[in-house]
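Open the model in a viewer and keep the selection panel at hand. The stops below go from pockets and cavities to aromatic pairs and nonpolar cores.

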Amino acid sequence: MNDDAEQQHPAQVNTGYAAGQLAAALRTAATHEDPDTRRRAEERGQKWRAVLAGMAGGLLSVGSRTPVAGLPAWVTPEVVRGGFATGRPSAGGPLLAHEIAAARRAGVPEDRQALFAYFLSEDGLAELCGLLDSGRYEIGVPEEAALLTVAWLVRAGETDAALDLVQELAPFAGRLRFAPRPADRPAPGADAVHRSTVAEARASLARRQPRTAVETQREALAVWQPFSDELLTHWLEVTGEDGWIRVPQAGRGHAWHSRSAALLARYRDLARDHTLCTKHRSPKENLGILRGALEDVVAGRQLGPRRLGLLGNALTSMVRRRGLPGSERHSALRREQAAQAALPSHHALARLVHDRLAELPAQDGIAEVGPFVAEVSGPEAARTGLPAGAAIPAAVRRPVEVALSAPLGTLVERGIVPSAEVLATFVPQLVAAATAQAHPDPALRTLAAAHYRAFRSRRSLLLLNLERQVRAEELPWVRAVAAHRVDGEAGDVAAAALRQLGGLAVQAFPGTILPNPLVRELSVLARQADLGAPLVEELASDIFMGTFTPKFLSSARVAAELLGGGSLYERYYAIDYRALRNLAIVEAGEAAQRSYGARTSPGFAELCKKRAAQLAPGSGGGSWVAENGTVIEQAQILTTHNLATLVHRVGIAPGSGWDELARRSFTTVCRLTARVHHNPRPLGTIKDIAYAWRQMLFQLSLCTPGGRARTLAWLPGETARHPWHVAVRLAPALTGLRQVAEGGSAREGEGRMLLGWSTGGHWLRPDPVLPSDVPVRPR
């Protein structure tokens, strides 16, 4: 949920939407073939009936922050699609199992009013304090944090605040759950975040169906291979050492004929029960030849020369390939195949892991993955039929691992966050973690984080008249401990989240441009932190209108503050940062004299166009999209596409050092350059190469002189670790970089400036010819 979201809807709420949703749910409940889908549809139908009944009876005021009569805004309502409240509170309903257990343990009546009174007693408060200290509790809805907050206030000596909170909760004590759910494991730490929830992990596991190809192979190994051995052994009984097949007459070889009929009867049973594998039905396959000949014999038909020839060839082929049944070679092969067939299916193991997750809160992550992906236990084996000790395969482990709740840096290290785009999705959780860190007391910090995670799952209401969604700070138990925050400033929380997120993006993905989704999230945090940190998006060349907003010039001015004065970056791209600073001062003065804010920066746009004409490679005559691209690229160069802002204004600094990031960026350059070879459409890759190259130059510019010199000397050797054409292609760019480092220009002699856009043929595009003295590294 976005607790800052404002929703606007027409002043009248159309009940036809709710009626349509009810009809759809009833139709699905009556007609769908899947019983689970029918059950879920029936539950949805009950909720929509409640919505319509509440609207008709005046119980519900749809569009209000307090949609349910008699319930204040802080009570979490049950909300269905479209923001409609059903009239039931999410923390209401029948007592849950842990509430019943708590009532029996305390010796009080099994109702919420009695439980509320118990938890305010000396024994009840002691129990709550024990949960606070152990962290072994779960908060599924925000209300379940209320009594823990009371206990914390009492322990902290804030008796008046605790009494005020109890007084506000008491009118609803008989209807709502205010106590937490005990848990076997501690709640995730205050700094823990997760990419997916338990509910999403279970849904992913539930979608895993048996793979037909795998199950077909399993059937072949477990059913048809053993039956084929039986047929082979049966025929070898009547095959002499000379290879001749001598079928006994029915009268004198009655036992063999009886076994023949029994084998065919069993074949028909197997074929009826095991239908995935069809190879045994083919008359051209060995099993089909053996079975067909046996059917002729049992039917009393004489085996002709052709049938005998096919039968003899099949027997010889089968013995030659695997050995005689019962031989060491044949037995070893069948043991291996039997073991393979006995392996449990991924589908069955996924169902087991799915069931293991059932007791965890659906909207949380998983604090400890290990127990849920452990080998099949003895009791589980007895219950499911899976072999005890069977390992959970990687494909089944993955949905659980992706739901790991841990510090964001841990998720990045483990590859759970594979890109900067995914990183952007963690902003709400980072704000939650940063908010919790504002509490110095560890128990309160853990409680605040658990509560915020539950609050985020509170669904938004349909609101009218520009009303605002309920915010976390409006909840009475949050207000009660607000004075115990050490900072209390949203700006500090946003700044901390911005430094963490921006620092991770720069360090984890050093050769990748910051994607627009991440830039937008960082921009929101930057505004909240009031750091004066202008962040700019990547513009689309096909809709670019030739203008830039003033924040592009502001961003370039920040880059000038950091990189001006002769940095490697400034000299490589031939930037006059002094002139750029003067331009920023002039345009800022002109804007101050106007009564309205400037919407564009004409001076910055003109500078980018001029630089594109001077520096962009190509012979001209390219498309207007390419021309736009060359101008946009110059804007990215002048602004460093947010790197300077993150370093100079936000204050990020990679722990591994700038020289390490520069090396990783160049490795990305080499990896991408390898993809250009024999690529009929390489221009997108060439742009990515230029992005990574620019990142590297920025990082080199912030290295110590010694670190920069060592990294520059390392670059040529890194190209040797890649295919030969990588070194050949990058040689002009490395020459240009070396010339700049030595005080010259990137475009002197054989040197080239590496840019991504071109209005003609790009110099990186032609495939190089293998020099005769270059050894080809074996694949």
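How do the residues of the lining of the largest pocket divide into nonpolar, polar and charged? The division is 21 nonpolar, 10 polar and 17 charged. Keep in mind throughout that this is a predicted model.

**Stop 1: the largest pocket.** Select Glu43, Lys47, Ala362, Gln363 and Arg459; of the 48 lining residues, these are the closest to the centre of the largest pocket. The volume of this pocket is about 1,600 Å³. Next, colour helix H2 (35–57), which gives the most to the lining, with 8 residues. Other elements that each supply at least two lining residues include helix H1 (15–31), strand E1 (77–80), strand E2 (84–89), helix H8 (198–206) and helix H14 (346–356).

**Stop 2: the largest cavity.** Searching the whole structure gives 8 cavities of 30 Å³ or more. The largest cavity holds about 180 Å³ of space. To find its centre, select Glu99, Leu115, Phe119, Ala179 and Pro180, the closest to that point among the 18 lining residues. Then show helix H3 (97–106), helix H4 (112–119) and helix H5 (122–134), the elements that give two or more residues to this lining. By type, the lining of the largest cavity has 12 nonpolar residues, 1 polar and 5 charged.

Stop 3: The structure has 20 aromatic pairs. Select Trp74 and Phe172, an edge-to-face pair with 5.5 Å centre to centre and 90° between the planes. Trp74 sits in the loop between H2 and E1, and Phe172 in the loop between helix H7 (159–169) and strand E4 (181–182), so the pair ties together parts 98 residues apart in sequence. Both Trp74 and Phe172 are buried.

Move on to Phe666 and Trp714, which are also edge-to-face, at 6.3 Å centre to centre and 70° between the planes. This pair links distant parts of the chain, with Phe666 in helix H30 (residues 658–674) and Trp714 in helix H32 (residues 705–719), 48 residues apart. Are Phe666 and Trp714 buried or partly exposed? Phe666 counts as buried because its relative accessibility is 0%, under the 20% limit. Trp714 has a relative accessible area of 24%, so it is partly exposed.

**Stop 4: the nonpolar cores.** Which residues touch the most other members of the largest nonpolar core? They are Leu408, Leu423, Tyr572, Tyr573 and Trp693, out of 117 residues in that core. Centre the view on Leu423 and show its contacts: leaving aside residues up to four places away in sequence, Leu423 touches Leu408, Val412, Val417, Leu501, Leu504, Ala505, Phe509 and Leu518. Another core, of 49 residues, lies apart from the largest one; Ala103, Tyr137, Phe455 and Ala480 are among its members.

**Stop 5: Val80 and Ala339.** Return to strand E1 and select Val80, which is part of it. With a relative accessibility of 7%, Val80 counts as buried. Finally, draw a distance from the C-alpha atom of Val80 to that of Ala339: the separation is 49 Å, for residues 259 apart along the chain.

Note on methods. Residues numbered from 1 in each chain as written. Predicted model: local features only at pLDDT ≥ 70, side-chain atom pairs only at ≥ 80, totals over all residues. Heavy atoms only, no water. 1 Å grid on protein atoms, 1.4 Å probe; cavity = no way out; pocket = protein on both sides within 12 Å on 5 of 7 lines; lining within 4 Å. Points joined across faces, edges and corners; volume = space filled by probe spheres on them. Helix = DSSP H or I, 4+ residues; strand = E, 2+ residues; numbered from the N terminus. Nonpolar A, V, L, I, M, F, W, Y, C, P; charged D, E, K, R; others polar. Phe/Tyr/Trp six-rings, centres within 6.5 Å; stacked < 30°, edge-to-face > 60°. Buried < 20%, exposed > 50% of the residue type's maximum accessible area, 1.4 Å probe, protein only. Core = buried A, V, L, I, M, F, W, Y, C linked by side-chain atoms within 4.5 Å. Contact = heavy atoms within 4.5 Å.
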